[in-house]
Amino acid sequence: MNILINQLSQTPIYEQMENQIRQSILSGELKANDMMPSIRGMAKELGVGIITVKRAYDDLCNEGLLLSIQGRGVFVAGIDRDKEKEVRMEQLR
């Protein structure tokens with residue numbers, strides 16, 4: 001997965017991350033049960049703070065796109081077609 005951060009953008013970094021991860025899930029690049037990079041690993045790779053990555057992961061967990069399992073990591077959740085439609089409609093808004 002390749003996430004690009006634009007430091008000059010008006011969009012907060014966590015939202016940039018969320019949008020790109022969400023798109024990767026909806027496009028099928030990330031599949032159900034794929035393990036996401038650790039929060040620390042992702043932060044180091046992108047050169048951002050741990051709290052920024054945690055916020056993005058938490059928001060996507062709240063949307064039902066990611067699943068956090070304590071002691072194991074963060075995984076892509078299996079989403080059904082209804083959930084996919086809901087997420088796409090939210091993106092359009």
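Hi everyone. Let's start with two residues in this structure: arginine 22 and glutamate 18 are both buried. Please keep in mind as we go that this is a predicted model.

So where do these two sit? Arginine 22 and glutamate 18 are both part of helix α1, which covers residues 13-27. They are four residues apart, and that is about one turn of the helix. Their side chains form a salt bridge, with 3.8 Å between the closest N and O atoms.

Now stay with arginine 22, please, and look at another partner. Arginine 22 also forms a salt bridge with glutamate 63, and here the closest N and O atoms are 2.6 Å apart.

Is arginine 22 buried or exposed, and why? Arginine 22 has a relative accessible area of 8%, and buried means under 20%, so arginine 22 counts as buried. What about glutamate 63? Its relative accessibility is 23%, so glutamate 63 counts as partly exposed.

How many salt bridges does the structure hold? The count is four. Another one of them joins aspartate 59 and arginine 55, at 3.2 Å from N to O. Both of these residues lie in helix α3, and they are four residues apart, about one turn of the helix. Aspartate 59 is partly exposed because its relative accessibility is 22%. Arginine 55 is partly exposed too, with a relative accessible area of 40%.

Arginine 55 has something else to show you. If you find tyrosine 14, you will see arginine 55 over the face of its ring, 3.9 Å from the ring centre. As for pairs of aromatic rings, the count is zero.

Let's finish with the strands. β1 pairs with strand β2, residues 73-76, in the antiparallel sense, and the pairing runs over four bridges. Which residue of β2 is the bridge partner of leucine 67? That partner is phenylalanine 75. Between the two strands of this hairpin there are three residues, and glycine 71 takes a positive phi near 85 degrees. One general point to take with you: in a regular strand, side chains alternate between the two faces of the sheet.

Methods
Residues are numbered from 1 along each chain as its sequence is written. This is a predicted model: local features need pLDDT of at least 70, side-chain atom pairs count only at pLDDT 80 or more; totals for chains, interfaces and linings use all residues. Side-chain values use heavy atoms; hydrogens and water are left out. Buried means under 20% relative accessible area, exposed over 50%, partly exposed in between (1.4 Å probe, protein chains only). Rings of Phe, Tyr and Trp (its six-membered ring) pair if their centres lie within 6.5 Å; planes under 30 degrees apart count as stacked, over 60 as edge-to-face and the rest as tilted. A charge sits over a ring if NZ of Lys or CZ of Arg is within 6 Å of the ring centre and within 35 degrees of the ring normal. Two strands pair if DSSP finds at least two bridges between them.
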